[in-house]
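Work through the exercises below with the sequence and the model open. Try each task before you read its solution.

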Amino acid sequence: MNIHLIDERIQKESGRRLFLLAAFGAVTSVAGGSRTAHAEDGLDAGGLTFKDFGAPDNGASFNRTDPMLPGGPEPASAKLVAIDNANGLARVYFQSVKVETSLPLGWQAIEDSERGVGISGDRKTRVLIWRVDFTFEGVRDADHYVATKMGAIKSRTPGVRTEARKLADGTFLIVYENVPPSRGDSGTRTVFDVVISKPGNANEGVLMTLGLPSANTDRGLKLLALMKSKIVISW
């Protein structure tokens with residue numbers, strides 16, 4: 001069964017993966033417009049920890065079979081690396097994208113041949129991690145990818161507001177507001193993209209996308225900061 005059943009709203013353009021994720025969301029931006037800004041500061045969790053986004057279940061959720069998630073040979077459960085009860089997180093490894101990340105306890109993690117997916121206990125917050133081949137996407141590098149993706153999404157969904165900024169470490173943060181709900185969602189969504197380039201190779205990168213209800217935008221940005229600080233990519 002296709003993993004798209006738990007994705008955000010999927011949008012495609014010219015068959016390219018660049019436009020597959022039109023669907024996760026954003027923080028504040030210029031109303032009705034798009035802009036790219038450069039900032040020296042990084043993401044900030046604002047004093048929150050993974051404990052603020054999960055449930056202290058000793059990692060039981062990562063071993064639980066959930067009939068509400070897709071079954072069959074794909075997707076499969078992601079590898080559970082470690083449980084850190086003190087910090088309220090689990091370390092999981094997505095073999096398909098060769099990325100280890102931290103998720104709050106009480107979540108679940110699955111993957112297919114193209115991406116890793118983390119889902120909160122209430123299924124309202126979802127994170128996807130992909131490998132990106134910028135050459136295949138028809139762009140020069142991460143900067144070009146960000147600008148092209150923002151333009152494509154706004155063209156296909158005019159009500160979505162977008163903004164991007166370059167963080168101090170060279171990664172890009174894209175935010176999308178007023179994203180239409182997916183099946184099972186009760187209202188508009190906010191989506192964050194973090195685009196990370198491979199050191200020494202501008203043609204490759206990793207895309208981490210976090211989507212959640214618009215009402216939780218501020219908390220979502222703090223969760224994104226936590227997740228970005230813990231991601232380990234095997235280049």
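**Exercise 1. Decide whether Tyr145 is buried or exposed, then describe the aromatic pair it belongs to.**

Step 1. Tyr145 has a relative accessible area of 1%. Buried means under 20% relative accessible area, exposed means over 50%, and partly exposed lies in between (1.4 Å probe, protein chains only). Tyr145 is therefore buried.

Step 2. This is a predicted model: local features need pLDDT of at least 70, side-chain atom pairs count only at pLDDT 80 or more, and totals for chains, interfaces and linings use all residues. Residues are numbered from 1 along each chain as its sequence is written, and side-chain values use heavy atoms, with hydrogens and water left out.

Step 3. Two numbers describe a pair of aromatic rings: the distance of the centres and the angle of the planes. Rings of Phe, Tyr and Trp (its six-membered ring) pair if their centres lie within 6.5 Å; planes under 30 degrees apart count as stacked, over 60 as edge-to-face and the rest as tilted. The structure holds one such pair. The ring centres of Phe134 and Tyr145 are 5.4 Å apart and the planes stand at 65°, so the pair is edge-to-face.

Step 4. Phe134 sits in the loop between β8 (126-133) and α1 (142-156), and Tyr145 in helix α1, eleven residues apart. Helices (H or I, at least four residues) and strands (E, at least two) are DSSP runs, numbered from the N terminus. Phe134 is buried too, at 0%.

**Exercise 2. Find how many of the 14 residues of α2 are buried, and what covers them.**

Step 1. Helix α2 spans residues 217-230. Ten of its 14 residues are buried, so the helix is largely enclosed by the rest of the structure. Among them are Leu221, Leu224 and Met227.

Step 2. The cover includes β5 (99-104), β8, β10 (172-179), β11 (189-198) and β12 (201-213).

Key. The expected span of a helix is 1.5 Å times one less than its number of residues. Contact means heavy atoms within 4.5 Å.
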